[in-house]
Structures are given as C-alpha cells and as structure tokens.
Amino acid sequence: MQTPYISRETCIWGYKNSISTDLEAADLIHGHIKTSTFVDAKLTPKSRVACAVASLFFVSSVFAQTNAPIPASVTVQTNESKDALSAPPVVSNETANPANAASLFAPVTKSDTPKIYTKGAPSGPTDMDLRQLWTELKLNNPQLSSLRESYLSAKATVPQINAPANPQVGLVWSGMPANSPLGLGGANAPSPQYPNGISSNNAISIAQPFQFPGKKSLASDIANTNAEALLAQSESTYLQLGAQLSTLYYSALAAQKQLQVLKESVLRLEMIKNVAKARYANNAAAYVEYLNAQVAQSAAQADQFNVERQLSVALNNINTLVGRHSREKLVLRGDVRRAMNSVPTLIELEDYAETSHPSLKSSALQLEAARKGVDLAKKAYLPDFQVIGSSFTPRGPFSANNGAMFYQFELDLIIPLYFFTKEKYGVEQAQRNQAAAEAGNISNRQQIVLAVNSAYATYEQAKSQAQFLKERQVPQADAAYKVGLTQYSNNGQGFNDLLTAQTQLRNLEVQLAQAESNLLQAQAVLLVTSGKEPF
C-alpha cells in the first residue's frame, strides 16, 4: 500500500507546538521529540512516520552537508573544550585515569621540565599562523641557531687573517762577571781599556714578519667567501626546515577538518538510527537495521581516535620544530582557501631557483673561494719578509761605565726551498679543489632544477585530485546520500544502500580534506624547492 502524500505544511503545522526552538530541533535529531495530540488524531501511523522522517530530513540540513561552500577558515586548538566543533577532543585516556589526562596538558613548570632542556619553556604567543611559525622557526630553532653561530664564528676569522703578524721582541743579556763560566765567548775577556772585562753583547731587537703583498688580503677574502657560503647553507637549511614545518602545519589543519567530517558523520548516523528506530516501532523495518546504524555510528566515532592522535603528534612536532616545549598548548590559525594562491609557471620557478636559491648561492660562493684558493696557492712561490731592528750597548749590567748605543737593521727573506715541492703540490691541491667545486656546482644546479620539476608535477597532481574530489565526487556522494535517506524515510527499502552512501560520503569528505592538505603541502614544498617562502 502506497503511503499517502503529506505536505510539508501539514507536518510543520502538526509539529508547531513541539518544534519551536533550536533545542527542540536537537531533541528531534536524538529521538526525544514529543508529538502533540492533534497530530496523533489526524495522521495515520504510517503518515506519522513519514511526517517525522520528513521533519528529521528538514532539520538535518543544519548538520548534513549542503551545497554551501565549506568555511575556509580552519582553526586547530588544543584546549579541552568538548562543545565547540572546531575544538578537537582531548587526546588522552581520560576515562581510565583523569589525573594523568589532566597532567598531560598541564602548563610546563620548572619542576616537571626535563633536565635536558637548557632553555626554559618559552612563553611566546600560542595563537600563530604559518608566517608566525616560520618567524619562530628562524629565531628559536636550535639547528638554525647552531648554523648562525657557526657563521658568526667563521666571520670572526676574517679580521684575524687580515691582521698583521705579531712582532717578536728579543733581549740579549750577556753581561756576566769577569771570567764567569756563563760568559759568552770572549765577551768578558779583560782588555787594556777595561781590565776587569765587560760585556758588549747586550741588545734589544724587534722582528716584524711580512707576507708578500697580496697574500693576506687574498687569504682573508677566501675566508670571508667561505663564511658567506656557510650563511647561504644555513638559509637553505632554514627553507628545508620550513618545508617540514609547512607540511606539519597543513597536516594539522587536515586532521582538524577530518575531525569535523567525522563528527558530522556521527550526527548523520544518529539521524539514520532514529529513522530506523521509528520505522521499527511501526513495524516497517527490522530491528537489525537499527543495530547496523548503531554499529556504523560507533565505527565513525572510533575513527576519530587515530585522527586525534595524528593531530596531537603534529602539534608536538610543530612545537619542537619552532623551539617551544612539545607540551605547550598551541592554536594554529589558517585560511585554507586563501592559502591556495596561484603558483608561478614552471619556467618562472626554474629561473628563480637558478638565480636565487640559497643552495646554489652557497655552491657558487664555494666555487669562487676555490678559484681564489688557486691564486693564493700560486703566490706561495713568492718569498715572505722579516724586518729586524736591534740596538746594542757596551754597558754591562754589573759595570758602572756607560758606552755608546749601536743600532742594527736587518731584512730577511723567507724563500721556498727544496725544489718548490710544497708549493707545487699546494697548487695542484687547489686546482683539484676548484675542479671539485665546479662539478659540485653543476650537480647542485641540476638537482635543484630536477627537484623543482618533480615538485611541480606533484603539485599539479594534487591540484587535479583535489578539484576532482571537490567538484565531482563529493557532490555526487552527497546527492546519493540524500536520495537514499529520502527513499528510506518514505518507507522504502534500501537501508544497506543508505548506509553505503553515508559511508561513501564520509570517506570522500575525509579524502577531500586530505587532498586539500596535500595540495597545500605540495604548494609549500614547490615554493621552498625553488627558494621562496610559502607565503
């Protein structure tokens, strides 16, 4: 027997005394609504089921997916609120031991901070977007701090190399008593003028070594170039860590979006369960349908556990990466739709990478230093100098007489000997280093261009997959779910089809959230690979 048609106005009029507030609408979803006497008197049992199901379907538009666009702003929070849909539940075994769950997210204090942390838990902002996270990464990441200090250390060697060599001060003191065994040679031998003998070997000398002109300036220039290459390497490491940070950031946003999808799926299954319960009460469906809906709802709730764990791990990794304590609470702000910016073409990215990538800058500076090293090695054939100035006096330390002062100037040449063996092999070593630097620069350039090509291909694939899911698969699954719910609500069969459609819709919504996250990750990796920051 076909169910008589009941208009929407009749159902709404019949329920106007019971559905008057949002709270009562929620009671209707959970099966707690009370129908009025007027409805019981005017509608048949099957009509009552159809009308209730129709009302459920109308109210479910609040919770079920519609054709309206998904909000672009996604917020990831680690607070313990369980009311807001945007706030993920606490990731802990709270039912087993609430005390341990509370301590898991307790503020970090001095007493429970591990001793391995030399710096206390920072008290910086806990509400950050991707740009702020990159800033925190640059300032507080220990690996970047180490590279920064290494650069400053290398930079401090430049003035040391360019500074003149230290002078040498010498004192000759040979004024010993007459006929002393410590007298040097005949210095203390008596003479007709000095019968007791005096020392004539007392002297003060100052020696100043000089390198051949151009050697020190070239060596300091090489040291400065190597320091700048080290700085470029640190910038490349910063981009690599930033790509890892962006991946974790968008993974956390995707996990939050998946939690929202799963919660909406639980609400849809609650509605299906209530429909099955109402049909069973009117002998229109088997009780196993209600049980199957309950099992599907429990499975959807169980799927949240893995997503919650992924979210917690991502937040801990982000905290550690930006130099914060892993247990600090962190709120991530991000506009997913706005983040999907237009990406430059492959040719533009390749050109930018070849001219501005820090890794290529570093290899180019290393090649420049290697070439200067060859010039410095060739200068080793040139002699170095030493200038010595001395003053002599015939006055002995134990004699009362004074004598005239004598001065002496000496110029020494430090020439390469032994058939220029060291110099020849020094030049060969420098030339080998230059050849290795040239090959490394070419290889690095090829690897960077190849990485940009691969990242661009990954980005295009992720973009196509996200568009396909968003424009075709998810709308089709949503339509299939609504059709199945309408048919089943009007005393049609096909309960298994309805569950399958709901499961398929949930899976596709989860895949869409993951696909959008993969797209943003691929976009960030592509920009970082070409040497840009992803914002």
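These legends describe several close-up views of a predicted model.

View 1. Helix α8 runs over residues 215-281, and its 67 residues reach 99 Å from the first C-alpha to the last, which is close to the 99 Å expected at 1.5 Å a residue. Of these 67 residues, 47 are buried, so the helix is largely enclosed by the rest of the structure. Just after α8, asparagine 283 takes a positive phi of about 60°.

View 2. Lysine 155 and glutamate 228 form a salt bridge in which the closest N and O atoms are 2.6 Å apart. Because lysine 155 lies in helix α7 (residues 142-162) and glutamate 228 in helix α8, the pair ties together parts that are 73 residues apart in sequence. Lysine 155 is partly exposed, with a relative accessible area of 27%, and glutamate 228 is also partly exposed, at 24%.

**View 3. Aspartate 384 and its surroundings.** Aspartate 384 is found in strand β6 (residues 384-393), and with a relative accessibility of 19% this residue counts as buried, because the cut-off for buried is under 20%. A salt bridge joins aspartate 384 to lysine 215, with 3.1 Å between the closest N and O atoms. This pair links distant parts of the chain, since aspartate 384 belongs to strand β6 and lysine 215 to helix α8, 169 residues apart. Lysine 215 is buried as well, with a relative accessible area of 9%. The side chain of aspartate 384 also reaches the backbone nitrogen of phenylalanine 212, at 3.1 Å. Proline 209 is 175 residues away from aspartate 384 in sequence, yet the two are 7.7 Å apart in space, C-alpha to C-alpha.

**View 4. Glutamine 386 in strand β6.** Glutamine 386 lies in strand β6 and is buried, with a relative accessible area of 17%. Among the residues that glutamine 386 touches are Gln168, Ala207, Pro209 and Leu411.

View 5. The side chains of glutamate 270 and lysine 273 meet in a salt bridge, at 3.3 Å from N to O. Both residues lie in helix α8, 3 residues apart, which is about one turn of the helix. Glutamate 270 is buried, with a relative accessible area of 10%, and lysine 273 is buried with a value of 10%.

View 6. Leu413, Ile415, Leu417, Tyr418 and Phe419 make a nonpolar surface patch of about 670 Å². One of these residues, leucine 413, is found in strand β7 (residues 406-414).

Technical notes
Residues are numbered from 1 along each chain as its sequence is written. This is a predicted model: local features need pLDDT of at least 70, side-chain atom pairs count only at pLDDT 80 or more; totals for chains, interfaces and linings use all residues. Side-chain values use heavy atoms; hydrogens and water are left out. Helices (H or I, at least four residues) and strands (E, at least two) are DSSP runs, numbered from the N terminus. The expected span of a helix is 1.5 Å times one less than its number of residues. Buried means under 20% relative accessible area, exposed over 50%, partly exposed in between (1.4 Å probe, protein chains only). Patches are made of residues with over 30% relative accessible area and no salt bridge: like charges are joined within 9 Å, nonpolar side chains (Val, Leu, Ile, Met, Phe, Trp, Tyr) within 5 Å. Accessible areas come from the Shrake-Rupley method with a 1.4 Å probe; for residues, only the protein chains shown count as cover. A salt bridge is a side-chain nitrogen of Lys or Arg within 4 Å of a carboxyl oxygen of Asp or Glu. A polar contact is a pair of N or O atoms within 3.5 Å; within protein, one must be able to donate a hydrogen and the other to accept it, and residues adjacent in sequence count only if both atoms are side-chain atoms. Contact means heavy atoms within 4.5 Å. Lists of a residue's contacts leave out its neighbours within four places in sequence.
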